[in-house]
Amino acid sequence: MRPFSQPVWHSLIESGTPCRYEAGDVLLRQGAQGSHVLVLTFGQVKVIRLEPDGSELLLAVRGADDLLGELAVLDGGERSATVSALTMCLAYAVPAERFHRIVRQFDLHGMLIRRAIRRLREGEDVRADLAGLPAVALVARTLLRLATGLEVPLSQSDLAAATGLSRSAVAAELAALRRAEIVATARRRMVIQDLAALRATAWDERPILDSRSES
């Protein structure tokens, strides 16, 4: 769902320069100055933050019809995370001064502040989950959070970065979910087969998995 009305969206695209990115390309880099925003019109990206201890935390997966990089442009600061392409992506780069003009023209300040607060809270929720959840519940909640429909377009290494678990721990929990026929895995993606069971696993820890393994 687009974050803006049709007139705003068209104005952003008309003010931007078309860009193409291949899978693995960096669209926005943490620590860089916010010189522009990106209007993503095709493809999927992942948002990763480099933590003070040197670890990487995967915060989100974003898809087409989303706006990227607006926070650093709004406050004139540095990028708070790196955005990389998961698939081939098409976007429009809108320079900061043009973006500010559109924000003023359509009176978007309030909406953008609410959007920024919502995403900051999402980041806080991720860190809260990392601090206190058992591995199986953490993997299940992360799959639900990062899913696009019923598909999670990530590798096991990406999922490890999203959960703070080792790759081997993620592989073990995914194997249990596969045996229970809750998820299926393929190269660089996971598919949710039983959404209700995954939600139960996310909030009730192991009962669903244990009951299925006994049947």
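A polar contact is taken here as a pair of N or O atoms within 3.5 Å; within protein, one atom must be able to donate a hydrogen and the other to accept it, and residues adjacent in sequence count only if both atoms are side-chain atoms. By this rule, four residue pairs are in polar contact across the interface of domain 1 and domain 2, both residues of each pair having a pLDDT of 80 or more. The structure in which these pairs occur is a predicted model.

On the side of domain 1 that touches domain 2, strand β5 (residues 56–62) provides the largest share, with six residues. Sorted by class, this side of domain 1 has six nonpolar residues, one polar residue and two charged residues. The two domains themselves span residues 6–125 (domain 1) and residues 132–203 (domain 2). Their C-alpha centres are separated by 26 Å. Contact between the domains involves nine residues of domain 1 and nine residues of domain 2. The size of an interface is often expressed as the accessible area that is lost when the parts come together. For domain 1 and domain 2, the buried area is about 760 Å², and carbon and sulfur atoms give 55% of this area.

One salt bridge is found across the interface of domain 1 and domain 2. A salt bridge also joins D158 and K46, with the closest N and O atoms 2.7 Å apart. D158 forms a further salt bridge with R188, for which the closest N and O atoms are 3.4 Å apart. This second pair links distant parts of the chain, since D158 belongs to helix α6 (residues 156–163) and R188 to the loop between β10 (183–186) and β11 (189–192), 30 residues away. The relative accessible area of D158 is 6%, and D158 is therefore classed as buried. R188, by contrast, is partly exposed because its relative accessibility is 39%.

In total, the structure holds 11 salt bridges. One of them is formed by the side chains of E51 and R49, at an N to O distance of 3.4 Å. E51 counts as buried because its relative accessibility is 17%, which falls under the 20% limit for that class. R49 has a relative accessible area of 26% and is therefore partly exposed.

The side chains of D66 and R115 also meet in a salt bridge, with an N to O distance of 3.0 Å. D66 is located in strand β6 (residues 66–68) and R115 in helix α4 (residues 109–132), so this pair ties together parts of the chain that are 49 residues apart in sequence. Both D66 and R115 are buried. The two residues also belong to a network of salt bridges that links D66, E70, R115 and R119.

Two further positions were examined individually. S15 is placed in the loop between α1 (6–14) and β1 (17–21). Its relative accessibility is 13%, so S15 counts as buried. When residues up to four places away in sequence are left out, S15 touches A93, V94, P95, R98 and I102. E97 lies in helix α3 (residues 96–105). With a relative accessibility of 53%, E97 counts as exposed, because the limit for that class is over 50%. Between E97 and V26, the separation is 71 residues in sequence and 23 Å in space, taken from C-alpha to C-alpha.

Technical notes: Residues are numbered from 1 along each chain as its sequence is written. This is a predicted model: local features need pLDDT of at least 70, side-chain atom pairs count only at pLDDT 80 or more; totals for chains, interfaces and linings use all residues. Side-chain values use heavy atoms; hydrogens and water are left out. Domain bounds come from an automatic or database domain assignment. Contact means heavy atoms within 4.5 Å. Buried area is the accessible area (1.4 Å probe) that two parts lose on being put together, summed over both. A salt bridge is a side-chain nitrogen of Lys or Arg within 4 Å of a carboxyl oxygen of Asp or Glu. Helices (H or I, at least four residues) and strands (E, at least two) are DSSP runs, numbered from the N terminus. Ala, Val, Leu, Ile, Met, Phe, Trp, Tyr, Cys and Pro count as nonpolar, Asp, Glu, Lys and Arg as charged, and the others, Gly among them, as polar. Buried means under 20% relative accessible area, exposed over 50%, partly exposed in between (1.4 Å probe, protein chains only).
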